[in-house]
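Q: I am new to reading protein models. Please take me through one part of this one closely.

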Amino acid sequence: MKQITCSNLGGPADCNVVITGNDAQDMIDKGWKHLQEAHPDLVKNIMSNSKEANDKWMDDFKANFDNLKDA
């Protein structure tokens with residue numbers, strides 16, 4: 001299991017909520033749920049990004065998942 005803070009996942013700089021996941025998709029899902037609950041304005045911004053930009057972010061995150069700190 002890996003961990004990352006909301007801010008390091010792309011959330012607000014002052015949000016230090018820890019998101020954990022067994023794999024990249026698990027962490028993305030948990031991070032998305034946190035964003036929806038705690039940062040709805042940021043969700044609107046993310047949703048306004050192009051599909052290509054969001055897909056690139058996901059691909060980059062998945063490629064670097066193994067480098068995250070162990071939980």
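Q: Where does H34 lie, what is H34 in contact with, and how does its helix α2 cross α4?

A: Keep in mind that this is a predicted model. Start with the residue itself. H34 lies in helix α2. H34 counts as buried because its relative accessible area is 13%, and buried means under 20%.

Now look at its partners. Set aside the neighbours within four places in sequence. H34 is then in contact with C6, C15, V17, I19 and H39.

Two of these partners are cysteines, C6 and C15. Are they buried or exposed? C6 is buried, with a relative accessible area of 3%. C15 is buried too, at 9%.

How far is the sulfur of C6 from the closest cysteine sulfur? The distance is 3.6 Å, and that closest sulfur belongs to C15. A disulfide needs the two sulfur atoms within 2.5 Å. At 3.6 Å the sulfurs of C6 and C15 are too far apart for a bond. By this rule, the count of disulfides is zero.

Helix α2 covers residues 24-38, and helix α4 covers residues 51-64. Two packed helices are described by the angle between their axes and the distance between the axes. Here the axes come within 9 Å, and they cross at roughly 130°. That angle makes α2 oblique to α4. The crossing of α2 past α4 is right-handed.

Which residues make this contact? From α2 come A24, Q25, M27 and I28. From α4 come W57, M58, F61 and K62. Sorted by type, the residues of this contact are six nonpolar, one polar and one charged.

Finally, compare another spot: the start of the chain. M1 is found in the segment before β1, the strand of residues 2-5. Its relative accessibility is 49%, so M1 counts as partly exposed. M1 and N22 are 21 residues apart along the chain, yet their C-alpha atoms are separated by 4.4 Å. Again, leave aside the neighbours within four places in sequence. M1 is then in contact with T20, G21, N22, K69, D70 and A71.

To recap, H34 is buried, and its contacts include the cysteines C6 and C15.

Conventions. Residues numbered from 1 in each chain as written. Predicted model: local features only at pLDDT ≥ 70, side-chain atom pairs only at ≥ 80, totals over all residues. Heavy atoms only, no water. Buried < 20%, exposed > 50% of the residue type's maximum accessible area, 1.4 Å probe, protein only. Axes fitted to C-alpha atoms, helices over the stretch in contact; angles between N-to-C directions. Helix = DSSP H or I, 4+ residues; strand = E, 2+ residues; numbered from the N terminus. Parallel < 35°, antiparallel > 145°, perpendicular 65-115°, else oblique. Left-handed = near helix turned anticlockwise from the far one by under 90°. Contact = heavy atoms within 4.5 Å. Nonpolar A, V, L, I, M, F, W, Y, C, P; charged D, E, K, R; others polar.
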